[in-house]
Amino acid sequence: MSFLVAAALSAVMSTQALPPMLKDVHTMVCMGDSITEQGASPTGYVTLIQKALPTIKVINAGISGHKAPDMRARFQRDVMDKNPDLVTISVGVNDVWHGFFDNHTKGDGPNGVPLPKYVADIQAMIDVAKAKNVKVVLVSPTMIYEDSKNLENKKLGDYVQAMKELAHKNACGFADLYHPFLQVVDAYQKRAGKGVNLLTVDGVHMNPAGNQLMAHGILSTLGVRSSS
Amino acid sequence: MIVIAAAVLVTMRVQSKTPTLKNVHTLVCMGASITQLASGPEGYVTLLQKALPDVRVINAGVSGNKSPDMRRRFQRDVLDKNPDLVTINVGNNDVWHSFDDKHPHGDGPNGNPLEIYRQDVQAMLDMAKAKHVTVVLLSPEVIYEDSKNEQNRKLEIYNKALKEIADRNGVKYLDLHRPFLQVIDAYQKRAGKGVNLLTVDGVHMNAAGYRLMATLILDGLGFQARK
């Protein structure tokens, strides 16, 4: 009897502790590219989210090099088949970055993903998730090299804006990581100059400080106040 | 002919230097562990040396040092090297160690009282002045990445004292404390607390922290380090 009461209380308490967006969320999948794949390291953003949400099963579905079409192609298998209640989709860095490969200094090379295709693929993933009542949080791409004025980040800004509009149109969550990353980098470089990475190990992939910034931004969007 | 070429070369070199760096051939960096560790590839002493290839830069940092330790070895480790310029980075341990052994208000016996700190810095300035060595005082940076903690509040008082001494003696003072806290605050506003951004342990610098130090010092010397 007392055991049942205790169990019921515990269930109520854990439900109350969670913000509305995480209500009835038992499983969450983090879809993404290498930044998400590496997010499983001890200081990675996926690990930090799992630590902040101990009652939720957090699954890492990041694969290095992936762009919107790759994620769309494996969305059923790597996300839907896990029966999640919520999915975060972090996509866009490779779609833009790889467009600059092989001396395409304007980012219009064949390895990139054009903006209309990017938008269509994200919309398709949203549709698949919504059909099964899976909540979607779109996580904006972060940064391509620690320089807020370079062509890569200018182009990335267009993709971030398009993602924000998609989130609005589909009533999804949206975590803007792009602006906080560039704002912190600018605040640092204003005093230290350029040339040393602050939030990444190579301009793109996160160091512990970059992962913490990601986790904080995503948790804030989920309604979780991280301890500070 | 050779004499003229040499004279032109010397003129060019002198012109390319800022007032503080004019006629500086040897620079000694006095300090504690932050300075001692700064001769690694990413350290601030290495970065200064790279930016000033014509200047001989000597590292005189010793881990754990407070102002009395530096004063005691100032003749041997600084003046005996015949420098034209010395940077003195002192204060972190003087404040930090006063919190040792559960003295949460910084009144423990391992610290260095403000009055001694003042006297020691003044004594080093007097010794340098007697030998016509230019001094640049570098403020202590940060004690744990938290702009509101007791350690950094106490550090602020030592910084203020350092600036007063600099003003009174007409020497240059470079505030490293405020830029460090401003960058940390800009980050933590968006990322929360808990992960170090500019240090490896809250006190000793990572590559980004050293880069910030070096740029602030070079800027302070009038050398355009910022792109």
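For the complex as a whole, the predictor gives an ipTM of 0.89 and a pTM of 0.90. The average pLDDT of chain B is 92, and 91% of its residues score at least 70. An exception to be kept in mind is the stretch of residues 1-15 of chain B, over which pLDDT stays under 50 and for which the model has three contacts beyond four places in sequence. Where pLDDT is low, the predicted coordinates should not be read in detail.

The largest nonpolar core comprises 139 residues, and those with the most contacts inside it are A:Leu199 and A:Leu222 from chain A together with B:Tyr44, B:Ile88 and B:Leu198 from chain B. Helix 10 of chain B, spanning residues 207-220, provides the largest share of this core, with eight residues. The surroundings of A:Leu199 draw on both chains: leaving aside neighbours within four places in sequence, A:Leu199 is in contact with residues of chain A that include A:Glu146, A:Phe181, A:Val184, A:Val185, A:Met206 and A:Leu213, and also with B:Tyr187 and B:Leu197 of chain B.

Between the two chains, 22 residues of chain A are in contact with 20 residues of chain B. The area that chain A and chain B bury between them is about 1,900 Å², of which 65% lies on carbon and sulfur atoms. Nine residue pairs, both members at pLDDT 80 or more, are in polar contact between chain A and chain B, whereas the count of salt bridges between these chains is zero. On the side of chain A that touches chain B, helix 9 (178-192) and helix 10 (208-221) of chain A each supply at least two residues, and the largest share, nine residues, comes from helix 9 of chain A.

Within chain A, A:Asn153 lies in helix 8, which covers residues 151-170. A:Asn153 has a relative accessible area of 0% and is therefore classed as buried. Not counting residues up to four places away in sequence, A:Asn153 touches A:Met143, A:Ile144, A:Tyr145, A:Asp147, A:Ser148, A:Tyr178 and A:Leu182.

Over all chains, the structure holds eleven salt bridges. Side chains of opposite charge can pair when their charged atoms come close. In chain A, a network of salt bridges links A:Arg72, A:Lys117 and A:Asp121. In chain B, B:Asp69 forms a salt bridge with B:Arg72, with the closest N and O atoms 3.5 Å apart; both residues lie in helix 4 (residues 67-72) of chain B, three residues apart, which corresponds to about one turn of the helix. Of this pair, B:Asp69 counts as partly exposed at 24% relative accessibility, while B:Arg72 is exposed, with a relative accessible area of 64%.

The side chains of B:Arg73 and B:Asp77 also meet in a salt bridge, at 2.7 Å from N to O. Here B:Arg73 has a relative accessible area of 8% and is buried, and B:Asp77, with a relative accessible area of 16%, is likewise buried because it falls under the 20% limit. A further salt bridge joins B:Arg178 to B:Asp175, the closest N and O atoms being 3.7 Å apart. In that pair B:Arg178 is partly exposed, with a relative accessible area of 49%, and B:Asp175 is partly exposed as well, with a relative accessible area of 26%.

How values were computed:
Residues numbered from 1 in each chain as written. Chains lettered and ligands numbered in written order. Heavy atoms only, no water. pLDDT = per-residue confidence, 0-100. Contact = heavy atoms within 4.5 Å. Core = buried A, V, L, I, M, F, W, Y, C linked by side-chain atoms within 4.5 Å. Buried < 20%, exposed > 50% of the residue type's maximum accessible area, 1.4 Å probe, protein only. Helix = DSSP H or I, 4+ residues; strand = E, 2+ residues; numbered from the N terminus. Buried area = accessible area lost by both parts, 1.4 Å probe. Salt bridge = Lys/Arg side-chain N within 4 Å of Asp/Glu carboxyl O. Polar contact = N/O pair within 3.5 Å; in protein donor to acceptor, adjacent residues only side chain to side chain.
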